[in-house]
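Thanks for coming. I will go through one structure this morning, starting with a sheet and ending with a helix.

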Amino acid sequence: MILTALMTNREKYQAGEVSGIRVIFPTTKEAMREALKAIGVDGIRCREVFLTEHDSNLSGFCHCINQGDSVDELNYLCRLLSDMTDTELATFQAVVEYGAHNGSAADLINLALNVESYDFYRGVDSDKELGHIYADDMGFIQIPEEVRPYFDFAAYGRKVRSDDKGCFVNGSYLIRSGVAFEERCHGPEDIPPEHRVFEYPKLNIRERLAAYTEVSKQAAQRDKPAPEPGREER
């Protein structure tokens with residue numbers, strides 16, 4: 001489980017009736033059809049839903065998701081996350097915590113598709129440690145042994161971080177890797193067909209006839225003229 005959300009029947013909600021069900025993402029078309037049927041979204045009487053009360057085992061994730069994000073976007077996002085390695089997932093979370101690419105489900109999808117655009121170094125959480133890594137492990141500068149006891153590794157680390165445009169997040173160091181970040185998702189229309197799961201329940205003939213009859217009655221009731229003042233409607 002990457003994410004759960006409360007899926008609510010929009011038409012019923014607007015009419016003053018709350019009809020919702022909790023959905024676990026990623027999900028399947030079969031599970032989605034059952035969930036939609038349970039809250040009365042059949043594609044005839046009711047067609048729209050919205051998602052609220054998001055909950056996730058990934059920190060800093062839910063506050064990036066909006067009510068307007070679609071079922072298919074969330075499903076695709078959670079499928080991408082469920083296929084990540086631990087390092088990729090940690091990098092994704094760090095970027096989200098830092099505050100980049102986190103304004104909507106589409107932003108998060110683009111981040112998941114471009115996680116290689118960032119490098120994430122676990123356990124590097126101070127300028128001093130960063131300075132030691134760049135000087136001692138990577139050998140970016142040569143420090144004479146007689147100077148080493150007096151060398152300001154923290155100041156050097158700050159310069160490295162400034163040059164890298166890096167930051168410390170979740171006790172680790174995050175920087176851009178140099179791999180170009182490509183915006184591939186701009187909304188539900190960009191979700192690959194195999195990850196689209198929003199599908200109305202399959203109604204039998206009797207259920208479809210009952211639904212169309214109810215819709216026709218509701219339409220006739222709306223079109224019925226109001227009674228004249230002072231006269232009772234019969």
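Start with the pairing of two strands: β1 and strand β3, residues 49-56, run antiparallel and are joined by six bridges. Strands here are DSSP runs of E with at least two residues, helices are runs of H or I with at least four, and both are numbered from the N terminus. Two strands count as paired if DSSP finds at least two bridges between them. Within this pair, threonine 4 stands opposite aspartate 55 of β3.

Before going on, the ground rules. This is a predicted model, in which local features need pLDDT of at least 70 and side-chain atom pairs count only at pLDDT 80 or more, while totals for chains, interfaces and linings use all residues. Residues are numbered from 1 along each chain as its sequence is written, and side-chain values use heavy atoms, with hydrogens and water left out.

β1 also pairs with strand β2, residues 20-25, again antiparallel and with six bridges. There, leucine 3 stands opposite phenylalanine 25, and methionine 7 has isoleucine 21 as its bridge partner.

How enclosed is strand β1? Seven of the seven residues in β1, 3-9, are buried, so the strand is largely enclosed by the rest of the structure. Buried means under 20% relative accessible area, exposed over 50%, and partly exposed in between, with a 1.4 Å probe and protein chains only. Leu3, Ala5, Met7 and Asn9 point one way, and Thr4, Leu6 and Thr8 the other.

Now the core. A nonpolar core is a set of buried Ala, Val, Leu, Ile, Met, Phe, Trp, Tyr and Cys residues joined through side-chain atoms within 4.5 Å. The largest has 50 residues, and Met7, Phe25, Phe61, Leu81 and Phe92 touch the most other members. Phenylalanine 61 touches residues including Leu3, Leu77 and Leu108, leaving aside those up to four places away in sequence; contact means heavy atoms within 4.5 Å.

Last, helix α6, residues 127-137: its buried residues include Leu130, Ile133 and Tyr134. Their cover includes α7, β5 and β6. After α6 comes glycine 139, with a positive phi near 65°.
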